[in-house]
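Visitor: Hi, could you walk me through this one? I'd like to talk about cores and charged pairs.

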Amino acid sequence: MDNDDEHVAGDFFLHSMTTDTIQRRTFLEHFQRFIPQQTIIYIQYCLLRIPFILIYDYLLTEKFSSLNEYILKYLIQIIDHNNYFFLKPISYILHSSLFHILSQIYLIFLVPVLGLILLTLLLLCSDRRLVIFYSYTISLLVIYFDYQMSYKTDIQSSSSIDTYILQFLLSSIYIQMLNIRPRVRAYKVQTRLCHLAPIVLIVTRYLISTNYNIPVLKFYYLIWTFVHLSELFLCRQQTILNLMRNRFINDLYHLYENFGLQTLINYLSTRIDVATLLKIFWLTKIIVLPLGIRTIYTHPYISNVTLNMNMANLNDNMTLDDKQTNYNETLVNTIYFTSLFYGTETIFTLISLACLISYLMKTISHRLFRLLHLWTEDVEQIGTVVGVMFFLLLFQSNITRLDLNRRHVPLLKAFSLLIVALFHFLHTILEPQLLKVAMQTITTRIVFNRTDENSQEGEGNEQENRNNSSLTSLYSSPILRSYHHRHVYTCLSILFLVVLYVALLWRLTTFSTWLLAVTAFSLELIVRLLASLAQYTLYVLDAHNRLSNADSFDEYIFLIKAVTSCFEFILGVFLLFNGFYILCFESRGTLRAIMLAIHAYLNIIKNLRRGWQIFRNRKSAWDNVNQLPLATNEQIEEYNDICSICHNTLTSGVACVTPCFHIFHQKCLQKAFYATKNCALCSRPIIQERNQHRE
């Protein structure tokens, strides 16, 4: 925002003040006692730009397309009706199929792209320039309304006094608009023309005959319009040229040429504040437009507003009973249908709605994750991810072309998927924290819970404790105390809520492919939650020495992860076939096909390759370890050292000797083979030396 933007609101209130500011305060200064000046400037920044976004959104509506078709048909009728010789080539072009194809391309591609470029340039303007632009526009509208009021008001009408009052108000608005922008030479002429408007109206009504009053009015307002436009095109000509050449196009082009497209997009997003403008635009569209500008309901209230403009020609043939079927009897239904229609009217509106949902989900997630003590930097991305997912779900359902009575269905489906996606993201943040708590439990047990009594126990008692029943181990008090943690409670709460949510969906909704997709998505989350709790349980049992086979701890962890990955792979294949069925028999679309291809590559093909690679690596590592000779008691006593990988004592039967005569545990060496084939101490290649030693 420019530095001169802060003085725009002050200029609006201070332009007519000539007294000393110390003696007399303006309305803005009194207003700043309740609202800070920066807040007023930010509100001004948004209000000056929302009308441009509303106009651009109107270019994407069906009403604008119908208006273009109506104008085109009207021109064709005029050309065909006149039947002039020089108009026949134009008529032939307008009737050709190529022209209709080009007109469709113009409405589908050129209008959105060119409108977006123009909208970007307008949004980049400073507040002062936008205020000047609005002053010229409002002044021109005042001239037009003044002319229409003077032209259509009858001399003997009872509203003649009201006409003078309205004309006085319009004149005041025009003078106010003149005072907002800097004064030029035509200022006095425009002021006098504005003050002459009531006099001209009185003269044309009472002093001039009826045959000449209309031409005099037209001549007067033409002069007024010409003077107004002359100020714009003559006095502001240099400003407009500099604005178009230097300020916008050249600067943006040089920024793109020197720093690239990503820098240009970051600059535009920082300068314009797109997300905030889109959120305010969506709220403005569903609140302001239905109440004033584009009213879609009458009395009784219309329920179906998706009727085309061509349906107006059929109204004459409809009976009264048929017309009453398109109406509601309550205001609540009217507000609901109006908000639903305007909130999902165009693709641009869906993007704005996605920005609003993204902001709401970001706010909710921030409070939720801070409450659960799970705040990380990744939480900042949840708003963007949810917004993009919400827009893609609505866009692939083709919600803008659905009947109004069915538009709530894709919205509810999208929100239901967002709830499961939020739980998925919560589990993604929760799982490492839960395992971190488990590792802290192990560390605490090792450091602080080694009492003298445990140190004096023999190996026989230790083996006996390890062979105790699993039921007694699980229900001992130290283990139960390990589960009294907020992360464990959070994981169990998510598991309970997801199960309850899926049960409610199956009870309240009918069987459909969408229900199968949500269920599969939820089952994937349930399996992940159970896997996280199973890993946490293994860590706790290992910390309290309650595992029957402590050496197989890593195998248990790998088994849990392998079962989870296999289940996720099966659900991914199921979702692929379910989406393919929807694509073929329920809802076709290019975006849905692209999303299915992305899902097949990321969640099926890549996971299959990664799982197969992990299986091959484990098998190769285990084969290499099994080919190494086991260490005897004499070799271990002669080696007289610990395992350099796990730093535990070496025992016969589970330790092996490398060709470089270093001794490691078999499990430790197997895990080391995942990263490197070299010795952990001397960094020599074990397999190569083993082959040479065999030769």
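Predicted model: local features only at pLDDT ≥ 70, side-chain atom pairs only at ≥ 80, totals over all residues.

Visitor: How many residues are in the largest nonpolar core?

Guide: That core has 49 residues, and F390, L394 and I494 have the most contacts inside it.

Visitor: Which helix gives the most to this core?

Guide: Helix 20 does, with eleven residues. Among the others that each supply at least two are helix 15 (274-291), helix 19 (382-396) and helix 25 (486-508).

Visitor: And what is L394 in contact with, leaving aside neighbours within four places in sequence?

Guide: L394 touches L350, L353, I399, P410, L411 and A414. Apart from this core lies another, of 26 residues, including Y45 and L255.

Visitor: Switching topic: how many salt bridges does a search of the whole structure find?

Guide: Six. In one of them D127 pairs with R49, the closest N and O atoms being 2.7 Å apart. D127 is in helix 8 and R49 in the loop between helix 3 and helix 4, 78 residues apart.

Visitor: Is D127 buried or exposed?

Guide: D127 counts as buried because its relative accessibility is 0%. R49 is at 2%, so it counts as buried as well.

Visitor: What does D57 form a salt bridge with?

Guide: With K285, at 2.4 Å between the closest N and O atoms. D57 sits in helix 4 and K285 in helix 15, 228 residues apart, and both are buried.

Visitor: What about R528, which residue is its partner?

Guide: E568, with the closest N and O atoms 2.6 Å apart. R528 counts as partly exposed because its relative accessibility is 23%, and E568 does so at 21%. Elsewhere, salt bridges that share partners join D57, K285 and E345 into one network.

How values were computed. Residues numbered from 1 in each chain as written. Heavy atoms only, no water. Core = buried A, V, L, I, M, F, W, Y, C linked by side-chain atoms within 4.5 Å. Buried < 20%, exposed > 50% of the residue type's maximum accessible area, 1.4 Å probe, protein only. Helix = DSSP H or I, 4+ residues; strand = E, 2+ residues; numbered from the N terminus. Contact = heavy atoms within 4.5 Å. Salt bridge = Lys/Arg side-chain N within 4 Å of Asp/Glu carboxyl O.
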